[in-house]
Protein chains: 2
Amino acid sequence: MGFHALDEKSLVRYIESTPSLSSLLGHRLHEGLSVKEVGDGNLNFVYIVVGDQGGSFVIKQALPYIRCIGESWPMTKERAYFEAMTLMKHGQLCPEHVPEVYHFDRPMALIAMRYLKPPHIILRKGLVAGVEYPLLAEHMSTYMAKTLFYTSLLYLSTTDHKSAVADFCGNVEMCRLTEQVVFSDPYKIAKYNHWTCPYLDRDAEAIREDYQLKQEIAELKSMFCERAQALIHGDLHTGSVMVTANSTQVFDPEFAFYGPMGFDVGAFLGNLILAFYAQDGHANTRIERHEFKKWILKTIKETWNLFQDKFIDLWKENWDRCGDAYPAEIYSKPELRQQVQQKYMQELFHDTLGFGGAKMIRRIVGVAHVEDLESIQDAEKRADCEHQALELAKMIVKERFNFQTIDEVLAAIIEKNVPTSLE
Amino acid sequence: MGFHALDEKSLVRYIESTPSLSSLLGHRLHEGLSVKEVGDGNLNFVYIVVGDQGGSFVIKQALPYIRCIGESWPMTKERAYFEAMTLMKHGQLCPEHVPEVYHFDRPMALIAMRYLKPPHIILRKGLVAGVEYPLLAEHMSTYMAKTLFYTSLLYLSTTDHKSAVADFCGNVEMCRLTEQVVFSDPYKIAKYNHWTCPYLDRDAEAIREDYQLKQEIAELKSMFCERAQALIHGDLHTGSVMVTANSTQVFDPEFAFYGPMGFDVGAFLGNLILAFYAQDGHANTRIERHEFKKWILKTIKETWNLFQDKFIDLWKENWDRCGDAYPAEIYSKPELRQQVQQKYMQELFHDTLGFGGAKMIRRIVGVAHVEDLESIQDAEKRADCEHQALELAKMIVKERFNFQTIDEVLAAIIEKNVPTSLE
C-alpha cells in the first residue's frame, strides 16, 4: 500500500486493519472510539485515539509538505522514518523520558506512540502560564546525557558510529530546513521572516549587518553540517517536551541526525532563556513573575550542571568498554582522564552557547516564532522582551569562548534584563 | 564472478577476457606482453602491463588483508571501490595530477589505471636521492585546492554533500586503520610499534607520557572521526605521489573518505618536513645537502602559500553559485567575505599543523616508517634526525594555535635542526 493522507474516518479503518493497533484498544472497536486531531505543530497531523476500555495511543502522520506553510513548501514525508528510528533509539537509551513507539508504517509515514495523557501539557505552555516543574532539570539532563553520550564515539566504535551516521545522512531534507531557518534566513532578507514591527526593525537590520555575528553563525553552521558527534534530537525546544509535575517526555525528533551535541543542549537552554525574557511581558508588575523568573534561571543552571555531571558519570562508568574516541589504554591515568573530560565539556559548553544563541535569534526575527513571546498581546511590551533576548543571544554567540561557567551566563542574562519602558 | 587473487599468469587471462583492457594493448596480445609485479606499498599487489605496440596500464588489486603484515591483519578489499571512486572524482576535478582510471572491477577489487612511465618515480625516492622538483609546490597546491574545495560545502549543496558523505562512510575499515596507526598506537605500548633502539627509547616513552600531547591528539582524532569537511585522499604522503621534472601525479587514495581537509595538507607537509630532517642523515658533511634542504623548506612554504591562494581563488570564482556553507546573499559584502575566508584558512592552517605533526610522530615511533629515515644506515645518525623531527612534531601539535604563518613554521623547523652528535 502506498501513501495516502488519513482523516479521522480513514484513520479508524486503518486502525481496524492493523492488529498491533486494534489490539491496544480491545474488542468492539467501532463503539466508543474517540479520535481527535490535535496537531498544533508546524509540520504534521496528530491524532489522539482513545478506546472505551482505556486503551489509547497517538497517531502522527507526516505529509509531504510543511503543514503551517502549505503545499507550497514541500517536505519529504521520509522524516517520519528518521523520527521513528530516533524515538526507538533514544527510547531504548532513556525509556523514562521518551514515549514508546507501538507501530511504524514507513510508506504511510505514520507512527503510533504512547498517548501522554493529561495532565501532561507542552512544556512551553506551562512556562507561559508560569508553572514550575521541579524535576525538569533533573529529567532533561538525564535525557540529554544518555541520548548524546551513548550515540557518540565516547561509547560507540567507529564501525557502529559511521554506519549510523550514514543512515541518518538520509534525513538531509530536514537538515536543509534547519540550515535555512536557523542559520540563513535570519541573516538576510527572506520571504517568511517576520518580527514585531516597527519596534524591532532596527534590531533585525542590525543582525543582517553584524559581521562578527555572521562570521560566528557561519562557523556554527559548518559545525552543524559537518560534525557527526552524536544522534541529536535536532529540534529540542520547549515545544518538543511534555510535562507534568512528575513526568518529562521528549518527542518529535523528526530533525534527528548525527550532529553536534551542543545543538540539542543549546536549543533547550536557549528556549528556557526565551521563556525567561518573555515573563516580563506576561506580568503586570515586575513582582508578579519574579519568583518564576528565578525558578527559570535555577532550572537553566541545574540543567547544565546536572547534564555535565551525568555525562561525565556515564563516561566514567563506561570507561573500560568505552568508544573509539578515547581508548582506555592511552587515557588511563586519572589526571589525564580528568583533563580530557574537562576539555570535552568545556568545548561542549561553548558549542551549547553558540547554538543556543542562534536558536534564540531565529525565533525572534525568523519564520517560526515561540508562543512565549507571541502570546504577549501588547506589541511594544513584546518588543522590549524580544530586544533583551536578542541582545543576550547575539552576545553569547559572539563571546561564547569567554564564558567558563553557567553562572557567568546567568549573570549575563540578568544584566540584559533591564526594566522596560512600560514599567 | 567472485573474487580471486591474480598472479602474473591469471592476470594475462583476465586482460584477454576484458575488452576495455585488451583493446588498450592492441592485437596479438599473447606475444610480447610484459607483466611485472611492482607493489612495494604496504597493502596491495600492483602490476605494470606493457604491450608490444606501446599500450600500457597498471593493474592494482586489493587483497583481503594488509600485504606488509600478512593474513593475520585482515583488511576489507572493498577499499578498492573507494579508491576507484576517489580516483575518478579527483581525476574529474584535477585531471592533470590524477592518473586516469580505465577499468574497475568491484568483485575483483581491481583497478586498471594509467601507467606512469619512467622517468616518473615515487616522490619519496626522489627526496631521498636529493632531487629537486621545481614544479612540485605548484602542482600539489593545485591538486589539494581543487580536490578539497570542490568536494566541500563551499561548493556543494548539503544534499550532494550528505549523499557523498554517506557513501564514503562505507570505507570505515580504512578509517579504523588510520585511527589506530596514527592516533592510537604511537601513544601506547602496541605490538607493531618500533623505533631506532636504544636511542629513541626515551623519546617513545616521553610521547606516551605527554599529557598535553595526548589531549591534542584526542581532539585531532575526534575531528578525523567526526568532521566530514571534504573528500580527502586520506594518505597523502610523499609515497602517494609520482613525479618527473614536469609531472606530478597523486595516486593510492584507498583511505579516502569525507574528513578534515587539514589531514591531507598536513600529511603532505609533514612528510616534506620528515624529508628535511632526514637530509642530515644522507649527507656526509653538513654542506652536502644544504641547498637541497633549502629547497625543501621553500617547497613547504610555497605549497602552503599557493594552496591558500588557489583555494581562495576557487572560492571567489565560485562565489555566486557557491555551496551551502556560505550563502552568497548573506556574505556578499567584500569585507565580510574576506573576513570569513581568512578565518577559514587560518583554521585550516591550524588543522594542517596538528595533523601534520601527528603524521610525523607515527612515522617515527609507530608501525609504518618512511624510507627517508629508514634508509639512513647509521642508527645513531638516524636517531638524531628522528629526534629532531619528533621535537618539531610534538611542538607543532601542541602549539599550533600560536602559529599565524608558514614562515613561523619554517623558523621552528630550522630551530630544531641543531648540529648532530656526529658532526
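In this predicted model, the charged end of A:Arg106 sits over the ring of A:Tyr81, with 3.6 Å to the ring centre. Chain B has an arrangement of this kind too: B:Arg106 lies over the face of B:Tyr81, at 3.6 Å from the centre of that ring.

Let us stay with chain A for a moment and look at its domains. The assignment divides the chain into domain 1, residues 23-114, and domain 2, residues 121-416. Their C-alpha centres are 25 Å apart. Where the two meet, 26 residues of domain 1 of chain A touch 32 residues of domain 2 of chain A. Together the two domains of chain A bury about 2,400 Å², and carbon and sulfur atoms account for 67% of that area. On the domain 1 side, the residues that lose the most area to domain 2 of chain A are A:Phe82, A:His90 and A:His97, which together make up 28% of what that side buries.

Charged contacts cross this boundary as well. Four salt bridges are found across the interface of domain 1 and domain 2 of chain A.

Now to the aromatic rings. Over all chains, the whole structure holds 50 aromatic pairs. Take B:Phe168 and B:Tyr258: their ring centres are 6.0 Å apart and their planes meet at 55 degrees, so this pair counts as tilted.

Another tilted pair in chain B joins B:Phe183 to B:Phe263, at 6.2 Å centre to centre and 35 degrees between the planes. Here, too, distant parts of the chain are linked: B:Phe183 belongs to helix α7 (residues 172-184) of chain B, B:Phe263 to helix α10 (residues 261-282) of chain B, and 80 residues separate them. B:Phe183 has a relative accessible area of 1%, so it is buried. B:Phe263 is counted as buried because its relative accessibility is 0%.

Back in chain A, ring pairs can also join up into a cluster. Its members include A:Phe149, A:Tyr150 and A:Tyr155, along with A:Trp304, A:Trp315 and A:Trp319. Among the other rings linked into this cluster are A:Tyr326, A:Tyr344 and A:Phe349.

Conventions:
Residues are numbered from 1 along each chain as its sequence is written. Chains are lettered from A and ligands numbered from 1 in the order in which they are written. This is a predicted model: local features need pLDDT of at least 70, side-chain atom pairs count only at pLDDT 80 or more; totals for chains, interfaces and linings use all residues. Side-chain values use heavy atoms; hydrogens and water are left out. Rings of Phe, Tyr and Trp (its six-membered ring) pair if their centres lie within 6.5 Å; planes under 30 degrees apart count as stacked, over 60 as edge-to-face and the rest as tilted. Helices (H or I, at least four residues) and strands (E, at least two) are DSSP runs, numbered from the N terminus. Buried means under 20% relative accessible area, exposed over 50%, partly exposed in between (1.4 Å probe, protein chains only). A charge sits over a ring if NZ of Lys or CZ of Arg is within 6 Å of the ring centre and within 35 degrees of the ring normal. Domain bounds come from an automatic or database domain assignment. Contact means heavy atoms within 4.5 Å. Buried area is the accessible area (1.4 Å probe) that two parts lose on being put together, summed over both. A salt bridge is a side-chain nitrogen of Lys or Arg within 4 Å of a carboxyl oxygen of Asp or Glu.
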